[in-house]
Amino acid sequence: LGRSTALMMASTTNAMAEQLDGELLDDDPVHKQALRANLHLRKAVPTSVVQPAEPTPSSSEPDFGGQSFQDLDISSPPPAATASQPAPRFDSKAKDAASSHVAVGSSSASPDLLVNVSNPSKQGEGLNSYFTYEVVTKTSLAQYRMNRFSVIRRFRDFDWLHSQLQLKYAGSIVPPLPEKHSAQVSTMRVSGVGCSAEWLEGRRSQLQRFLQRVACHPQLHTAPDLQTFLEASDETLEAWKESSKGAKPAYMPTLGDVKQGLLSSYTRSLSLISSETPPSHTAVTDVACQQMSNYTAALETELSNVHKHSKRFIERHRALASSMSGFGLSLTKLATCEVEINPALSRGVSTMGLSIDRMSALYEEQAVKGSAVFEEPIKEYVRLLYQCKVAIGAREAALKAYNAASASLASKKDRLEKARGLSSKEDKLALLTREAKEAEELNSVAKREYEQVAARVDSEMARFQCEKLADFKEIVINFVTLQLETSEAIQSAWRGLLPDIESIDPHSGAVSSSE
């Protein structure tokens with residue numbers, strides 16, 4: 001009896017689902033029209049990526065990440081990541097720069113596009129004030145009207161450029177901007193406190209490094225937004241900004257279509273009347289992407305710790321410089337007290353005070369240079385790792401869109417097969433056939449866009465590894481060289497002081513204070 005009842009309920013449920021499905025399909029013309037319009041636009045999107053075979057759980061699936069990461073353990077297939085069991089951490093070595101086609105040295109200038117930021121200045125007063133920078137460009141690229149030109153830009157213009165590059169080049173590692181410091185800048189506008197030449201110079205240097213990294217980027221250096229930023233007048237730039245509003249990354253329209261597909265009438269009707277799920281679909285997994293994500297997260301944590309402790313190390317030298325300055329001043333005052341009583345001692349103590357004061361300047365210089373050659377570059381790399389995570393996130397989003405499109409396609413094909421088995425009406429079969437064809441084309445678009453983003457992330461992470469190797473080597477060499485030079489200068493100052501102290505004759509006698 002229980003089995004008969006269950007069969008009757010299942011039969012009734014399927015009939016109700018089919019009826020409700022037809023009603024919802026007939027009552028949803030807006031969704032169908034939007035899908036067809038998007039399909040028509042998508043067919044015109046060019047692509048240079050060769051379409052591989054349909055992805056399957058076998059080893060023939062495209063091996064994204066293979067060209068960027070080396071020394072991975074491939075002795076057994078890696079398990080799919082779950083909430084309780086993350087993907088294995090990325091473990092690789094950077095490519096040898098000599099054998100790589102990727103240019104290393106992220107801060108080096110591009111031979112075709114040289115960009116410098118100069119003349120930082122404050123405009124206006126109070127809350128309406130702002131800082132401007134002169135951007136000077138020299139180029140041999142044919143897309144520019146002149147070989148040398150300059151424009152005046154605000155920080156918000158740099159921020160707009162960064163946002164556009166990140167939006168339109170999904171999967172690219174866009175160089176980081178300096179932090180906005182909104183509250184600090186607002187305080188500077190009103191009070192003028194904190195707006196030092198050192199702060200402005202640091203800001204200018206960071207903005208210049210951002211533009212130089214963009215100019216060296218293999219894809220970004222020819223971006224129309226960059227060209228507009230570098231050579232357009234203020235009016236043209238503002239008009240360009242208006243025209244670029246509402247732009248979306250390439251994979252986002254497909255993601256929206258897929259979400260609509262997942263909320264199709266079939267899925268909604270089933271969820272309303274039963275707990276039955278759509279046909280089983282094997283989602284494509286991207287283990288290399290998960291490893292990249294784990295690696296960047298771990299590297300970001302460790303680099304943040306290095307930056308924190310290096311900052312303390314540099315602050316210690318600043319504190320030492322301040323202490324030695326006070327020490328030297330107190331010795332000089334002591335020498336003044338002894339100048340008439342014991343001239344030899346006074347000269348020795350005075351010499352010591354001057355020497356320690358010079359050493360104070362050396363420690364201060366060491367702190368300033370240490371911040372420039374080590375602390376700031378490490379801090380910038382922490383920001384760059386955030387941009388790596390943004391690029392990896394774009395790859396994850398494109399993969400989700402592709403998997404959602406594949407699931408939607410499987411669902412529509414299953415509906416079509418069921419309708420054929422039930423000998424449904426011709427008009428309904430034609431509708432389901434058309435929807436299945438549209439879903440197949442949308443799936444192809446999502447697949448192509450995922451492969452484009454994945455290939456771009458592979459290339460970007462390979463370039464990041466090479467540039468990181470070159471940059472870190474330079475950072476460490478500069479820092480160690482600075483410590484050696486400062487140490488040698490300090491030792492030389494102490495050695496030079498010792499003969500003057502030893503020359504004090506304790507038997508020369510002091511002048512009596514009563515004389």
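Two exercises follow, each with a worked solution, and they concern a predicted model.

**Exercise 1: a pair of helices**

Work out how helix 10 and helix 11 are oriented towards each other, and describe the residues of their contact by class.

*Solution.* 
Step 1. Find the two elements: helix 10 covers residues 287-338, and helix 11 covers residues 343-421.
Step 2. Take the packing geometry. The angle is about 165°, and the axes lie 7 Å apart.
Step 3. Apply the cut-off: angles over 145 degrees count as roughly antiparallel. Helix 10 and helix 11 are therefore roughly antiparallel to each other.

**Exercise 2: strand 2 and its partners**

Trace the pairing of strand 2 with strand 1 and with strand 3, then decide whether strand 2 is mostly covered or mostly open.

*Solution.* 
Step 1. Start with strand 1 (residues 113-123), which runs antiparallel to strand 2 and is joined to strand 2 by 9 bridges. Here Lys 122 sits opposite Phe 131 of strand 2.
Step 2. Look at the hairpin of these strands: 6 residues lie between them, and Gly 124 has a positive phi near 80°.
Step 3. Move to strand 3 (residues 148-154). Strand 2 and strand 3 are antiparallel too, with 7 bridges, and Val 135 has Val 151 in strand 3 as its bridge partner.

Notes:
Residues numbered from 1 in each chain as written. Predicted model: local features only at pLDDT ≥ 70, side-chain atom pairs only at ≥ 80, totals over all residues. Heavy atoms only, no water. Axes fitted to C-alpha atoms, helices over the stretch in contact; angles between N-to-C directions. Helix = DSSP H or I, 4+ residues; strand = E, 2+ residues; numbered from the N terminus. Parallel < 35°, antiparallel > 145°, perpendicular 65-115°, else oblique. Nonpolar A, V, L, I, M, F, W, Y, C, P; charged D, E, K, R; others polar. Buried < 20%, exposed > 50% of the residue type's maximum accessible area, 1.4 Å probe, protein only. Pairing = 2+ DSSP bridges.
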